[in-house]
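Subject: Handing over the model

Hello,

Here is the structure we spoke about. Please look it over before reading my notes.

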Amino acid sequence: MSGLRVHSAARRPPDPTPDPVRLQALPSALPTDTELITRSVTDPGQFTALFDRHASTVHRYLGRRVGDLADDLLSETFLIAFRRRAAYRPEHVEVRPWLLGIATHVVHGHQRAERRRYRVLAKAAGQPEEHGADPADAADRLDAQALRGPLAVALAALKPRDRDALLLLAWGDLSYEEIATVLDVPVGTVRSRLHRARRQTRTALGDASPLDVSEETR
Amino acid sequence: MNELTALREAGPEAPALSPAARSAARAALLAEVAGPAPARRRRPSRRTTLRLGAAGLAVAAAWTAAVVIAAPDGPGTPASSVTLVDFTMPTFPLSFDPVPDGLRPAFGGGSDGATIAAYDDPAGQDGFTVYVGDDEPDQRPDDAAENDVSATEEVTVDGTDAELVRYSRDWCVGDAPGEDCSRRSYTWLTWQRSDDQWVTIDAYGRYAGRDRLLQIAGSLVDRPQPATLDVGLAPAGWSVRAFKAGRVLTLVNDAYEQQEVTVHIPLPEDVIPADQVRSSIMGPIGPQLDVTVHGRPAQLVLVDTGYLDQRGWYLQAQFTDGTTFVLQVPDAFTQDQVLEFAEQVTHRP
């Protein structure tokens, strides 16, 4: 994964419930993702370790897109991945982006649910939020709150293929090349989809935020 | 803050992965790992079997298609009533000026709009299909093993670089896949016509000649064309799921994707005689009602769709030119709404 690097503040915080991987004890002795998936072709039980490592990441990506439906789609994603494990090619893409690509295809069957969620979130964003007393991050919170509605509106309006590319970049942290691989399109197509999606999102945000497009270059 | 940062920091948040949901997903995976359960094939119920046995083939195919489209586990609940509102069908963004040989297009597309325009002569010997999309086409003639590519050439269309590929593939006209096939030559042309618009033309017969195809490509203009099959009304909250070949249009309830409206124009040989509609369709549960649509006699029957306990209306009616169309809608429509909807269906062949 080269390239996709925004300033550190843009990185999302660690998952609140990290996967219970047993890495701390003997990290160097643990098999890599690729080793696990390769072994799982002849020893299927090895595949469950990949679930333990990546379930939270995949669920978080799905959850941002489809909300509570993510519980079901998490299962579907790993079942599909397991059935396709023999076709996995480590020289093309790593396991995490491969799983997020499968999750993206799974979301396709629920595009209307996804759009409906964004519309509901857009409406909800117009309602005042209740917060605790801590004023320390009040300004940041207000900034984020101002963006929530326009962002949800923008996501609902994007074409599904453009939204896939944008969210694999923004929420999946995939590189352009990885997005191209998991969506099975040329990298030039990814560029044009991202260009369009980012432009439309920027336009939809309008005055809600002083966007700085020079902040990130690829 | 740029839009990516905004999405990460202020975009929709995910619900937490609960221990129960994690355990359930892991258990499902473990069950899969343990090996497939004994095969369970869904057998149609006796009632369904009987209905299928009595059904006309064309009608059965139409209902089957409607059933296959939707997954049975979608969220939401079906509408028990609808409100009909004015509806504008998506248009195809381009036209030809002049129109080659006066050919009339049939449009296809989905929720994103009309993306396909097929221009075929009535005999099916000469024609071409225009595809419009935001991106460079994912599939090229040389991607398909069954295609024989004979030549590729860099050309220009209106001064823009374009790619032209000559190839041949099977052209089948039988009822079953691979039946009654012959080899046919095509010429495929693609180029980026504007910033967000790629156009591809796949031509055969006398339109497959290099110069003829380039001439056709150069005559494209930005003039939207209305859909061949149009509905002037739709239930509020519903949208286009798909339209095909100018003969089939499906609308879907955005809040419950298993609920659909389908309008289709059957081939002349598939039109059911007016006095046999009820006995030729699946699951009639009401009498055949003689009604009037577009000033012509039409037949309306309440049916059990055989899917998710949904009931619906089956209407066979005609346009003013005598062309028959069929409307299948859920019983969330009242009888009056079915007729109101049907009166607004138009067809421009």
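My notes on confidence, the fold of chain B, the cores and the interface follow.

This is a predicted model: local features need pLDDT of at least 70, side-chain atom pairs count only at pLDDT 80 or more, and totals for chains, interfaces and linings use all residues. Residues are numbered from 1 along each chain as its sequence is written, while chains are lettered from A and ligands numbered from 1 in the order in which they are written.

Confidence comes first. pLDDT is the predictor's confidence in each residue, from 0 to 100. Chain B has a mean pLDDT of 82, with 86% of its residues at 70 or more. Within chain B, helix H7 (residues 335-343) scores highest, at a mean of 97, and helix H3 (residues 46-54) lowest, at 25. Residues 36-75 of chain B stay under 50. The model has 37 contacts beyond four places in sequence for that stretch; a contact means C-beta atoms, placed from the backbone, within 7 Å. Where pLDDT is low, the predicted coordinates should not be read in detail. For the complex, the predictor gives an ipTM of 0.78 and a pTM of 0.55.

Next, the fold. Chain B has seven helices and 20 strands. These are DSSP runs, numbered from the N terminus (helices: H or I, at least four residues; strands: E, at least two). Of the 349 residues of chain B, 34% are buried, that is, 20 or more other C-beta atoms lie within 10 Å of their own, again placed from the backbone.

Now the cores. A nonpolar core is a set of buried Ala, Val, Leu, Ile, Met, Phe, Trp, Tyr and Cys residues joined through C-beta atoms within 7 Å. The largest has 66 residues; B:Ile201, B:Leu315, B:Leu327, B:Val338 and B:Ala342 touch the most other members. Strand E4 (residues 113-120) of chain B gives the most to this core, five residues. Beyond four places in sequence, B:Leu327 touches residues including B:Val263, B:Ala317 and B:Phe341. A second, separate core of 57 residues includes A:Phe82, A:Leu169, A:Ile179 and A:Leu194.

Last, the interface. How many residues of chain B are in contact with chain A? The number is 37, and they meet 57 residues of chain A. Helix H1 (3-10) and helix H2 (19-34) of chain B each supply at least two residues of that side. H2(B) gives the largest share, 10 residues.

Best wishes

Methods: Contact = placed C-beta atoms within 7 Å. Buried ≥ 20, exposed ≤ 12 C-beta atoms within 10 Å, placed from the backbone.
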